[in-house]
Amino acid sequence: MTEQLEQILSQLTQPDNAIIQQATAQLKQAFKDPAIIPALCAVMSGSQNPQIRQSAAVMLRLRVKKHWKKISPDDRESLKAVVLQAFMQETEHTVQHSLSQLCAVMVKHETPDRWPALLQLLNQSTKSSNPHDRQVGLLLLNKVMESNPEPFKPHYCQLLQLFSTVLQDHNNPTALYYCILTLTAITAYTGTEEMHQMRSIIPSLIVALKHLIKADQDQASEAMEVFNELMESEVSIIVPHVVDIVRFCLEVGSDTALSDSLRVKALSCIAFLIKLKSKTVLKQKLLTPILQAIFPVLVAAPPPGEQDPEDEEDDTGDGAENDNPKHCAAQIIDTMALHMPPEKLFQQLMPLTQACLASENPYQRKGGLMCLAVLAEGCADHIRTKMLSSVLQTVCQSLSDTNQVVRSAGLFALGQFSEHLQPEVSKYCAELMPLLLDYLSSLNEAKVGHVTKAFYALENFMENLGADIEPYLPTLMETMLSALNNAENLKIKELAVSAIGAIANAAKELLVPYFPPVIESLKGFLTATTEEMRALQTQSLDTLSVLARTIGNDVFSPLAAECVQLGLNLTDAIDDPDLRRCTYSLYSAVSTVSPDCLTPHLTAITTVMLLALKSNEGITAHLEEDKTFVLLDDDDDDDENDNNEEEKDVDFLEDETETEVHDIAGFSVENAYIDEKEDACDALGEIAFSTGAAFQPFLESSFQQVYEMRDFPHEDVRRAAFGAMGQFCRAQHKVWKENPTEANHQALLKLLDVVLPCFVETVRAEHERQVVMGILETMNNVIKSCKEEAFQNPSRLKEISHVIRDAEYDAMLQEFAGEGIPLLASSVPADNFAPFLNDLLPLIMSKAKSSCTVADRSFSVGTIGEILQALVSVPGGRGVAGRLSNRLLPVLVAGVRDSDAEVRNNSVFGLGCLAQAAGPIVVSDYPMMLSVFSNMLTKESDLRVIDNLCAALCRMILSNVEAVPLEQVVPALVARLPLKEDMEENKTVFNCLAMLYTNSPALVVKLMKPIVAASSHVIGNKNVDKETQNTSALLMKEFAQRHSADFQAAVTSLPGEEQAKLGAVISAS
């Protein structure tokens, strides 16, 4: 059979398809004969043709991998012997490589101890005096260890001794390469007993890498991964050597003679180290040397006649960012900003940055601006509070630089500032908007790449302006509309359409006058069918969705039905996942404005979206083994479901590097289809909630399909699926509230019984932080809507409390936990929640210490305040709040004295809520609380804190009017009205004034003038809820009827406009 097999295998290498097909059929037949294993062994060790020897090894490997249990014990033993013998006598590197991979797969099934000959061979060859034998032995060791690091644990100490010898073998770079790769493979599995050896290897590892760089930069780049692995799995090994590792990486990263990929690897090692061990880096005084080494990289000019990738004209702004040394240098500064105390960083960094900004060389100026841009995210607080005006001035000046490279960097920096330095950066609107508009008008439209950057900066800045955008609207809209009508270039039209969306987010109904021409343009774009219009159409749909949500129902509603039709027509005519995705968002937006328009089309819309979720389009499974090897797979797929991608080509005899891929990493999905699935989930959830009862016929089928997506490989789709599941619960709750039948109630409970346990389980098991954050946020929304219905199941409160407790320990998830605790408190009787609250409180309180960050302190006292506020309105809340008062009072009183306004604000709010929630039991603390507040009233300058002080005093009065010396407190309180920033608290203030008028009318009448003035600010104010406006109006009517002279006098002292407002309220009966 051996000769016949060799014959078939040689035919497979022929360049003739017919011969290959015939050979494949014969091979399939041959594989049915149990003698195939010995025959392949014979070919593998005996054939004269290296290509055929390699084919035999690859086929054996696939056979062993899938069907080891079916190979007879005798064949297994002979295979073990033959493969080692073949390996030692083989001279061709590609065949050795395949043989070592075959050994690796066999070790998986056999474990090293059941194959002593392998250990013996490894031992002999790696210690041989012949350099070639050592190389080959290390290749075999590497392949075997990479796929089975754990079974070799008992041999680690011995291996590490071997490595420390091999690493001295500087004249044998291939041996160094395999040795370092193997060290990388075992690092994650080493324990304390190997620690000392691992530490002592590091110095020789650095020297070995230097030699490997001279011999082969690609191999060296791969070997550098060892540092990342060491840092990730056992940082303490490298801590003693941090200085040497950093010096080495800086040397490599700065050496322009080396390849970009190697320099990138070295620089990213430094970024990784800073992320994990920023304190060590500072302690070892490495900050200065790192900055001094990376600045020249950051400001290097590109080779003559070339440009940096982001300055090339066709750059669309979405290029891969980490592929060159310059980006890596910026990444290091970005990482420092996120992980180091800003004071220490800026002290070293600013002199270097300022020198660059003042330089004659444009690339130095660009580097300085890039540096400021990447600091914005990590050092946002520091820049916002200490140096915003000076950095903004620098960036603004850069926009008039003579060099476009510098101007581009300035635009990028401005975009970053707008994103990360809110709300303070928006206060510079008067300086920045004219500058940006001026800049836009001066641009040459032919340079689309640069125009794109200008739009990026403008959009990011405008988005957060709110009503402050008003003075610029005429110029802005003139610019955008003329671009829509005139620009030859479709990309410029697309940028203008996108900018209109950003303007709408800020301007909302102020945009109404410009709405008709905008809509006409968008409709024109959306009825075209040519291919080149596609990007403009997706952007138009996006902007249409923004307009639907922002422009006001009465303006948009008349167009709602037409918009839905536009979307349906587009997706009928054009098969494009991006376009479909944008229509889903449009339907979703329309459902919030005019749900009735959607009802007739729900069948069509849900059908398209559910198909998108079911579809496998754009998903490529990497499951098909090489076509030639189909026969290896046709018995059955028992043992393992190994999704390994083999070469698809017939000449599979390349030197392949195989990676073991677990479970679902075995397929790739085109981004457009992922986005479509994500947007379909988001839209189904929102449409279900908005359309309520009309969606009922589609709820079950939609839920089932979305539920299937909960373990989709891509995290964005998983996040969206959980979000939609939460929306379906809220939708069903709304339907039951509107139509409280038993069937609707049961349907809600059934949904909650599936969804909430699914949330709890996923938060525990999910690795992706973004998904966990999404689930916690959605779970909070479900609890907020469904309240006690979510806790019908007796174990639910405990499960959710534990999930929240675990999330609290994680800084990124803390905010969602902080929102969740007050929601739980407001959803169940206080005594049921009390034991869990006792469990959650210590951690919240521990973050209020003065040594914690401002964000933590603010979170801590803010969450305490919201818990107390929740206890005001639940059964048993007063008792629980009373029992907690002794623990919480000191924390809140300390917070009132904090240096940060937000912490003071949250603490004052918390004290007011404590008085309200705990009732009589805290009356004994009133004198102390009142003295703290009166002290604050005289010193406090922050407007929001003053508003909250007024509200807290009102809560104390509402809760225990007898315990407050009204004659002193009320005049001081009224003197601070109207509220300036925290409009929500008007509700508390006017409820209190109304109650006081009933209880002590004489006191209130004495203060009529300031109270009337405050009311004139509340009535007709769109930022104050209707109920509060009514409370205020009723009080004014009482004044007008019972104390008309005093009231008239108070009104006449007001400006004309306010007088008219009050007059209208009084005359309206």
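By salt bridge I mean a side-chain nitrogen of Lys or Arg within 4 Å of a carboxyl oxygen of Asp or Glu. Lys-366 sits in helix α20 (residues 362-378), while Glu-310 is in the loop between α17 (287-298) and α18 (325-339), so this pair ties together parts 56 residues apart in sequence. Helices here are DSSP runs of H or I, at least four residues long, numbered from the N terminus.

Two notes on the source. This is a predicted model, where local features need pLDDT of at least 70 and side-chain atom pairs count only at pLDDT 80 or more, while totals for chains, interfaces and linings use all residues. Residues are numbered from 1 along each chain as its sequence is written, and side-chain values use heavy atoms, with hydrogens and water left out.

Back to the first pair. Are Lys-366 and Glu-310 buried or exposed? Lys-366 is buried, at a relative accessible area of 3%, and Glu-310 is buried too, at 16%. Buried means under 20% relative accessible area, exposed means over 50%, and partly exposed is in between, with a 1.4 Å probe and protein chains only. Both residues also belong to a network of salt bridges that links Asp-308, Glu-310, Asp-311, Lys-326 and Lys-366.

In general, side chains of opposite charge can pair when their charged atoms come close. How many salt bridges does the structure hold? The count is 38.

Here is another of them. Arg-580 and Glu-676 meet through their side chains at 2.7 Å, N to O. Arg-580 is in helix α30 (residues 577-593) and Glu-676 in helix α33 (residues 671-691), so the pair links distant parts of the chain, 96 residues apart. Arg-580 is buried at 11%, and Glu-676 is buried at 3%.

Next, Arg-805 and Asp-806, whose side chains form a salt bridge of 3.5 Å, N to O. Arg-805 is partly exposed, with 25% relative accessibility, and Asp-806 is partly exposed as well, with 39%.

Last, the surface. Glu-777, Glu-815, Glu-819 and Glu-866 form a negative surface patch. For a charged patch, residues need over 30% relative accessible area and no salt bridge, and like charges are joined within 9 Å. Asp and Glu count as negative, and the charge of Glu is placed at CD. One member, Glu-777, lies in helix α37 (residues 769-786) and is partly exposed, at 41%.

Methods. Patches are made of residues with over 30% relative accessible area and no salt bridge: like charges are joined within 9 Å, nonpolar side chains (Val, Leu, Ile, Met, Phe, Trp, Tyr) within 5 Å. Accessible areas come from the Shrake-Rupley method with a 1.4 Å probe; for residues, only the protein chains shown count as cover. Helices (H or I, at least four residues) and strands (E, at least two) are DSSP runs, numbered from the N terminus.
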